[in-house]
Each structure stands twice: as C-alpha cells, then as structure tokens.
Amino acid sequence: MNFTPTEDRRMLADSLNRFFENEYDFATRERILQSEGGFSRQHWQQLADMGVIGALFAEADGGYGGAGFDLAVVFEALGRGLAVEPFLGTLMAGSAIAAAGKTDLLGEIVAGSHIVAWVHVESEAGYEISHVATTAKQTVDGWQLDGAKAVVQHGGTADAFVVSARVAGQLDDAEGIALFLVPADVRGLTLRDYPNIDGGRAAELTLAGVCLPAPALLCEAEVGYATIETCVGRGIVALCAEAVGAMEVAKAATLEYLQTRKQFGVAIGSFQALQHRMADMALEIEQARSALINAAAVLEHTGPAREKALSAAKYTMGRVGALVAEECIQLHGGIGMTWELPLSHYAKRLIMIDHQLGDEDYHLVRYMAL
C-alpha cells in the first residue's frame with residue numbers, strides 16, 4: 001500500500017504549518033487561553049475559510065476529505081501548533097451528524113459558523129463507551145433527557161450538543177443507546193465551565209427534564225452504539241496524529257537545545273550518552289508514526305481489525321508520548337519545566353492525550369481482548 005500523501009494533503013499540511021508559524025505562535029496561544037471562551041473565534045473562522053474543517057468530512061457530507069489520512073494531516077499540524085480550538089469535538093459530533101444525514105447543519109459546521117460539542121463521557125464510565133446512565137424517555141411531543149455528562153470539550157461556547165442517552169437496556173449494554181441533538185439554550189440544561197490543564201476549556205453538563213422535539217433524535221438505538229464507536233474511532237486517529245505532531249516539535253526543540261547548550265566548552269549534544277537518548281527517542285517516534293499510519297489506513301473498515309489497529313495506536317501514543325515528554329524535559333534540565341518555555345506545554349498536552357478516549361492501560365487490555 002502506498003502511504004505517500006497526495007498532493008492535496010501535502011498542500012493542506014503546508015498551509016496549516018505556515019499558518020501556525022506565522023499567525024499562531026506561542027505568545028498568541030497564551031493570549032487565546034486567557035480569553036473567556038478559551039479559544040479564538042477569529043482563528044477558528046480563518047481555519048474554516050482555509051477548508052480545514054471541511055477536510056474532516058467526506059464530500060458526500062459537504063466536506064472534501066474525511067478519510068483517515070485526511071484526519072492525520074490536519075491533526076498532526078494542530079499538534080505541531082498546539083492549537084486549542086475545538087477540532088476534536090467538531091470531528092466527533094460532526095461525524096454523528098453526518099451519519100444522521102443532517103447535511104444542512106454539517107454545512108454550517110464546516111463553514112465555522114456553528115459549533116457542536118460531543119457529549120458522551122460520564123463520570124462513572126471510565127473509558128467504556130457502552131456505559132451510559134443518562135436516560136431518554138419518549139413523550140407525546142418527543143423526548144425527555146435526564147442525566148449528567150463530564151468533560152465536554154468547549155462545552156461553554158458550543159451552540160449545540162450531540163448527546164448520548166439510554167432509551168432501553170441495562171447500564172453497560174451496547175444496545176439501547178441513542179444520540180440526540182440538543183440546543184445549548186434549551187430549558188433544563190446547565191453547564192459548569194472550567195479550564196483544562198493543557199489548554200482550552202471543558203464543562204460538566206447536567207440535563208434535568210430537558211424536553212426535545214421528535215426530530216432531535218439523530219441516531220436510533222439500533223445504530224447508536226455503532227455510530228458512537230465510529231465517532232470515537234475517528235477521534236482516536238485524530239488524537240494519535242496530534243500526539244505525533246507534538247512529539248516532532250518537542251524532539252526538534254530538544255535537538256536544537258543540545259546543539260547550542262554548552263558545558264565544559266562544548267555543546268552537550270556531543271556527549272555520547274545524550275546522543276543515544278536522542279536516537280532512542282527518534283526511533284520511538286517513528287514507531288508511533290507507523291502505528292498512526294496503520295490506524296488511519298483501516299479507519300474506514302469495520303470489525304475487530306479496525307478496533308485492534310486503533311487500540312494499538314492509542315496504546316503506542318500513550319507509551320511513547322510519556323517517554324518523549326519525560327526525555328525532552330530531562331535533556332533540557334531545569335528550564336524544561338518553566339512556563340515560559342513551550343516545551344513544558346507540549347509535554348502536558350502529550351500526557352493529557354493519553355487520558356482522552358482511553359489511556360495506555362485501557363487500550364492494552366482492549367487490544368488483548370480483541
């Protein structure tokens with residue numbers, strides 16, 4: 001199989017990398033993080049106008065990409081730029097909306113004018129996607145939702161939410177889970193917004209007697225779990241690509257430091273022990289990239305082969321991400337821990353990527369079970 005990026009993907013990657021180099025430097029990112037919403041609407045719109053959001057979705061759904069390698073190109077560049085805009089939630093919620101055939105709404109999402117957040121995680125669920133305690137009961141006029149959701153990325157600034165809720169079955173059953181489109185201003189929905197440790201913002205979401213019309217049902221319970229699994233799988237590929245991008249920047253910054261920092265009159269990069277550590281880290285990053293390629297290549301498939309590749313990639317990112325974060329900070333010495341140095345923020349992001357959509361331990365166990 002030929003893994004060489006297409007011309008369109010290379011052009012998109014080049015455009016994104018130039019954007020982050022010229023318009024989204026570390027100082028700009030710090031200012032964005034201090035803003036009320038935790039991300040920049042201006043930059044979000046610029047990226048939408050560049051077609052970046054459209055690259056996440058298939059042409060049939062109003063985009064022009066949507067394949068695993070399209071996601072990899074976009075999110076690797078986002079990882080390099082350490083972007084805090086709501087791309088992951090947009091990808092996952094938008095994938096559910098695309099599966100439901102809501103192309104008009106997806107068009108607004110691709111244009112950058114409508115932000116929809118993915119709302120599935122619950123505090124007692126761990127990483128099991130079948131654990132859904134939030135309930136949806138059918139009423140005369142539509143549906144009533146009750147429950148609580150955790151860690152809704154950019155929930156405080158979303159215009160709407162794609163929410164999973166149980167319409168039948170037991171707490172951990174895969175069957176009986178449906179997806180609903182919930183407006184942010186609906187009566188009975190409350191949010192508690194808070195900053196994330198690695199940038200951006202998230203929210204706790206409570207649904208107390210939220211009444212929705214019948215068309216709010218996006219995915220019936222018969223296909224709800226499969227849709228969630230697909231959306232999570234696309235999110236895993238995105239996170240793995242983001243991790244690879246962040247690792248590459250951390251590695252390059254560390255190599256530059258070793259070549260310029262002097263001790264005993266010579267650059268410390270000339271010390272053989274440090275050269276060995278850099279070589280080992282470079283090999284591990286290439287291993288992580290290979291795992292990402294494998295996952296991206298099978299993303300459009302179904303069944304155990306896809307799930308194994310996804311878990312293998314996510315496990316690898318957790319292991320290698322922690323290694324890269326630790327090694328880069330140690331090779332920098334004390335300065336590696338300072339807030340002013342971008343490296344420490346890349347390290348935090350790498351560690352937090354491990355905890356999104358299943359950590360290293362979870363995916364190792366899942367891979368063995370598969």
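L82 is found in the loop between α4 and α5 (87-99), where helices (H or I, at least four residues) and strands (E, at least two) are DSSP runs numbered from the N terminus. The model is predicted: local features require pLDDT of at least 70 and side-chain atom pairs count only at pLDDT 80 or more, whereas totals for chains, interfaces and linings use all residues. Residues are numbered from 1 along each chain as its sequence is written, and side-chain values use heavy atoms, with hydrogens and water left out. L82 is not a glycine, yet has a positive phi of about 55°. Most residues other than glycine have a negative phi. L82 is buried, with a relative accessible area of 4%; buried denotes under 20% relative accessible area, exposed over 50%, and partly exposed the range in between (1.4 Å probe, protein chains only). A positive phi of about 55° is also found at H154, likewise not a glycine. H154 lies in the loop between β3 and β4 (160-166) and is buried at a relative accessible area of 6%.

Helix α4 (residues 68-81) packs against helix α8 (residues 272-297), their axes coming within 8 Å and crossing at roughly 140°. Axes are lines fitted to C-alpha atoms, for helices over the stretch in contact, and angles run from 0 to 180 degrees between N-to-C directions. The two helices are therefore oblique to each other, given that angles under 35 degrees count as roughly parallel, over 145 as roughly antiparallel, 65 to 115 as roughly perpendicular and the rest as oblique. On the α4 side the contact (heavy atoms within 4.5 Å) is made by G68, F69, A72 and E76, and on the α8 side by R289, L292, I293, A296 and A297. By class, this contact comprises 6 nonpolar, 1 polar and 2 charged residues; Ala, Val, Leu, Ile, Met, Phe, Trp, Tyr, Cys and Pro count as nonpolar, Asp, Glu, Lys and Arg as charged, and the others, Gly among them, as polar. Helix α4 also takes part in covering the buried residues of α2, together with elements including α1 (7-23), α3 (41-49) and α10 (342-354). The buried residues in helix α2 (residues 26-33) are F26, T28, R29, E30 and I32.

The largest nonpolar core has 111 residues, and those with the most contacts inside it are F75, L145 and F180. Such a core is a set of buried Ala, Val, Leu, Ile, Met, Phe, Trp, Tyr and Cys residues joined through side-chain atoms within 4.5 Å. Helix α7 (residues 221-260) gives the most to this core, with 16 residues. In soluble globular proteins, nonpolar side chains tend to be buried together.

A search of the whole structure finds 8 aromatic pairs. Rings of Phe, Tyr and Trp (its six-membered ring) pair if their centres lie within 6.5 Å; planes under 30 degrees apart count as stacked, over 60 as edge-to-face and the rest as tilted. The ring centres of W143 and F180 are 5.2 Å apart and their planes stand at 65°, so this pair is edge-to-face. The pair links distant parts of the chain, with W143 in strand β3 (residues 142-153) and F180 in strand β5 (residues 177-183), 37 residues apart. Both partners are buried, W143 at a relative accessible area of 10% and F180 at 0%. Beyond four places in sequence, F180 touches residues including A136, W143, L145, F161 and L218. One aromatic cluster is formed by F39, W44, F75 and F87.

H114 lies in the loop between α6 (103-110) and β1 (116-119) and is buried, with a relative accessible area of 19%. Not counting residues up to four places away in sequence, H114 touches L105, E108, I109, D159 and A160. H131 occupies the loop between β1 and β2 (135-138) and counts as buried at 10% relative accessibility. H131 and A165 are 34 residues apart in sequence and 9.9 Å apart in space, C-alpha to C-alpha. E307, in helix α9 (residues 304-332), counts as buried at 6% relative accessibility. Leaving aside neighbours within four places in sequence, E307 is in contact with E229, R366 and L370.
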